[in-house]
Amino acid sequence: MSSIHLKGVSRHYGAFAAVDDVSLDVEPGEFVTILGPSGSGKTTVLTMIAGLNQLTGGSIHIGGRDVTALPAAQRNIGLVFQSYALFPHMTVFDNVAFPLSVRGIGATETRRRVEEALARVRLDTFGRRKPSQLSGGQQQRVALARAIVFQPDILLLDEPLGALDRKLREEVQVELRRLQRSLGITTILVTHDQEEALSLSDRIVVLDHGKVQQIAAPQNAYLRPSNRFVADFLGAANVFEGRVGSDERSIVMDGGTVIPCGAAARRPGTPVTAILRPERLILAADEAIGIVPAMITESVYLGQFVRYHVETPAGPMIAVAPGGNNGFAPGARVSATWQPDDVWIVADGAAPPA
Amino acid sequence: MAMIRRMPAEFGYVLPLLLLMLALFILPIALMLARSVTQPEWTIEHYQDLIETSVYLRVLGRTLQIALITTVACALLGYPLAYWMRDLSPQRQVLAVALVVLPFWISILVRTYAWIVVLGNAGVVNRVLLDLGLVGAPVSFLYNELGVVIGTTNVLLPFLVLPLFAAMVRIDDRLMQAAESLGASRATVFRRVFFPLSLPALAAGSILVFILTFGFFITPAILGGGRVPMVANALDLLINQFARWETAAALSTVLLVVTLACFAMSRWIGARGATS
């Protein structure tokens with residue numbers, strides 16, 4: 001169990017900053033996910049922690065030790081690649097034994113630890129096979145066993161579930177979380193999949209264009225995004241643009257529609273952008289009781305959920321409701337309502353043209 | 001079964017070419033080889049001849065030796081070259097491949113005669129060695145096995161470098177990164193990950209060089225100056241000087257068998273490399 005501290009970590013390629021001044025403190029035993037679109041620099045951060053990529057600025061400490069200038073081989077980090085990177089010419093057993101044999105660990109001890117690691121990922125009977133004889137999910141688990149067998153200080157996972165199909169991915173997610181908890185190992189996972197980030201992590205680091213956008217627990221990142229990018233990247237959102245009302249607890253849109261919201265913490269008249277998550281927007285059959293009237297324009301049945309597209313005085317909105325029999329048909333006149341606290345101001349809006 | 005049923009349709013397309021090959025290539029070779037056991041009647045005396053006449057065994061032995069030395073020399077020169085080319089930027093790789101292939105554009109005859117100019121007693125190499133005082137008298141590079149090995153190595157090096165380079169480029173960098181992150185030193189990464197993965201291509205390229213040297217004619221003929229006859233040169237003598245077609249046919253059969261055995265080995269190694 002080791003802490004990880006990134007301080008002002010940067011990676012420039014000429015004038016281009018792939019990673020720009022990233023600072024992050026990971027507690028011992030914590031599971032942190034770096035989430036971002038492709039090209040956001042998230043994998044670069046991971047390879048710099050692993051020692052496979054040089055920093056152009058900043059420092060990295062693992063377990064209190066400055067590893068900034070340390071070669072990858074001496075960092076004692078378990079790394080799982082997106083492509084698994086299993087050695088194709090070695091058996092599963094030899095793959096998992098590799099980090100032990102380069103550390104000069106004896107045959108008996110190696111056998112015991114490899115078998116234990118393979119048992120942990122439930123592949124104890126696969127030791128004699130070659131990686132090419134395994135399925136993608138099994139290869140992924142071998143890579144995981146290989147990354148934990150030498151009791152590394154920290155575990156780094158680069159889109160480990162990216163190549164798996166959806167059902168398998170959910171299974172491996174659960175298994176990964178169970179494994180991480182039982183080992184108590186500090187873990188950083190990199191992904192572009194917001195569901196994966198939300199379901200696995202203690203905290204999420206949202207990265208875009210090499211810069212940290214937000215560091216927060218999953219629920220906070222989802223419901224209280226720090227800016228419009230985080231709001232959009234973590235899921236669908238209804239967006240309101242307007243000015244803070246005189247009570248500081250509402251947003252007045254350009255058309256005059258008043259949107260009740262939580263404490264704005266901004267002066268009345270400040271232009272702002274706010275979001276409301278679709279599952280927090282509640283549709284009621286009675287037109288009169290809601291905050292704004294709404295008309296269903298489309299209903300999309302998704303099994304567990306139904307997604308409604310509605311037209312309101314505040315513009316088009318999306319609502320997600322549990323799937324049931326008593327849904328609304330397109331054309332139905334309903335009303336939309338929400339808890340004011342669920343409307344979250346993400347940014348000061350652009351100043352209106354003079 | 002499916003293949004046999006599908007054969008006729010495809011067979012029709014290749015039939016003309018197949019017949020042409022059969023009539024102009026396979027049949028003459030078969031007739032030629034058949035001479036070794038059918039002239040003047042069914043006999044194995046020409047093979048007995050090969051075994052009992054020490055000169056043929058010596059030629060075969062020397063050919064084998066030169067082929068092995070050339071193969072090892074090509075491997076020792078070609079492996080580091082291919083490894084170095086792998087780490088170049090893509091533009092430089094194109095340039096390096098072009099330089100490796102460049103000799104193919106020059107006639108093998110011209111290249112071989114060029115070695116005479118370079119390696120002769122008054123050649124560039126000897127003059128430099130003499131001027132530096134490294135040797136007292138000119139080193140004889142030509143008209144001996146050393147000259148033949150130098151010449152064949154030069155001509156055949158690209159046959160090893162190109163496939164080896166292509167295979168090395170395909171080795172995923174992330175495998176080496178993974179090995180490094182698992183605690184392996186640079187040397188260990190090379191020894192336990194990179195080298196084993198490049199080995200099938202090295203073996204296949206080496207076998208190709210070996211096969212080509214085994215039947216090489218021009219370079220040994222010129223740089224050996226008739227003093228280092230290899231199998232192909234012996235065949236030339238047997239047919240053009242002594243008109244002993246039967247013995248030549250027997251010797252050719254031996255050459256073909258060795259070549260096919262090497263080819264089978266390279267296929268086997270290739271197949272093993274593909275499954276691992």
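1. **Contact between the chains.** In this predicted model, 16 residues of chain B are in contact with 19 residues of chain A. Contact here requires C-beta atoms, placed from the backbone, to lie within 7 Å. On the chain B side, the elements that give two or more residues are α8 (173–181) and α9 (186–214). The largest share, six residues, comes from α8(B). By class, this side of chain B has seven nonpolar, six polar and three charged residues. Nonpolar covers Ala, Val, Leu, Ile, Met, Phe, Trp, Tyr, Cys and Pro; charged covers Asp, Glu, Lys and Arg; the others, Gly among them, count as polar.

2. **Numbering and thresholds.** Residues are numbered from 1 along each chain as its sequence is written, while chains are lettered from A and ligands numbered from 1 in the order in which they are written. Local features need pLDDT of at least 70, side-chain atom pairs count only at pLDDT 80 or more, and totals for chains, interfaces and linings use all residues. Helices (H or I, at least four residues) and strands (E, at least two) are DSSP runs, numbered from the N terminus.

3. **Largest core.** Which residues have the most contacts inside the largest nonpolar core? They are Ala145(A) and Leu156(A), in a core of 106 residues. Such a core is a set of buried Ala, Val, Leu, Ile, Met, Phe, Trp, Tyr and Cys residues joined through C-beta atoms within 7 Å. Buried means 20 or more other C-beta atoms within 10 Å of the residue's own; exposed means 12 or fewer; partly exposed lies in between. Helix α4 (residues 136–148) of chain A gives the largest share of this core, six residues. Leaving out residues up to four places away in sequence, Leu156(A) touches Leu46(A), Ile49(A), Ala50(A), Ile77(A), Gly78(A), Leu79(A) and Ile188(A).

4. **Second core.** A separate core has 44 residues. Met85(B), Val149(B), Val209(B) and Ala232(B) are among them.

5. **Domains of chain A.** The assignment gives domain 1 (4–232) and domain 2 (237–348). These bounds come from an automatic or database domain assignment. The C-alpha centres of the two domains lie 38 Å apart. Seven residues from domain 1 and seven residues from domain 2 make the contact. On the domain 1 side, helix α8 (residues 228–233) of chain A brings the largest share, three residues. That side has three nonpolar, one polar and three charged residues.

6. **Sheet with β13(A) and β20(A).** Five strands of chain A form an open sheet, ordered β13-β12-β11-β14-β20, with antiparallel pairing. Strands pair if DSSP finds at least two bridges between them. β13 (258–260) and β20 (344–348) of chain A stand at the edges with a single partner strand each, so one side of each has no neighbour in the sheet. Neighbouring strands are turned by 45° against each other on average, direction ignored. Axes are lines fitted to C-alpha atoms, for helices over the stretch in contact, and angles run from 0 to 180 degrees between N-to-C directions. Three bridges join β12 (residues 250–253) of chain A to β13(A). Val252(A) has Val258(A) as its bridge partner in β13(A).

7. **Sheet with β15(A) and β18(A).** Another open sheet of five strands in chain A runs β15-β19-β16-β17-β18, with antiparallel pairing. Why is one side of β15(A) and of β18(A) left without a neighbour in the sheet? β15 (282–284) and β18 (315–322) of chain A stand at the edges, and each has a single partner strand. β15(A) pairs with β19 (residues 333–337) of chain A over three bridges. Ala284(A) stands opposite Ser335(A) in β19(A).

8. **Strands β1, β4 and β5 of chain A.** β1 (residues 4–13) and β4 (residues 57–62) of chain A run antiparallel, joined by five bridges. Lys7(A) has Ser59(A) as its bridge partner in β4(A). Two bridges join β4(A) to β5 (residues 65–66) of chain A, also antiparallel. Ile62(A) is partnered by Arg65(A) in β5(A). The hairpin of β4(A) and β5(A) has two residues between the strands, and Gly63(A) takes a positive phi near 60° there.

9. **Backbone points to check.** Most residues other than glycine have a negative phi. Arg122(A) is not a glycine, yet has a positive phi of about 60°. Arg122(A) sits in the loop between α3 (107–120) and α4 of chain A. Arg122(A) counts as exposed because it has 12 C-beta neighbours inside 10 Å. Tyr143(B), not a glycine either, has a positive phi of about 60°. Tyr143(B) is in the loop between α6 (124–131) and α7 (145–170) of chain B. With 18 C-beta neighbours inside 10 Å, Tyr143(B) counts as partly exposed.

Note on methods. Contact = placed C-beta atoms within 7 Å.
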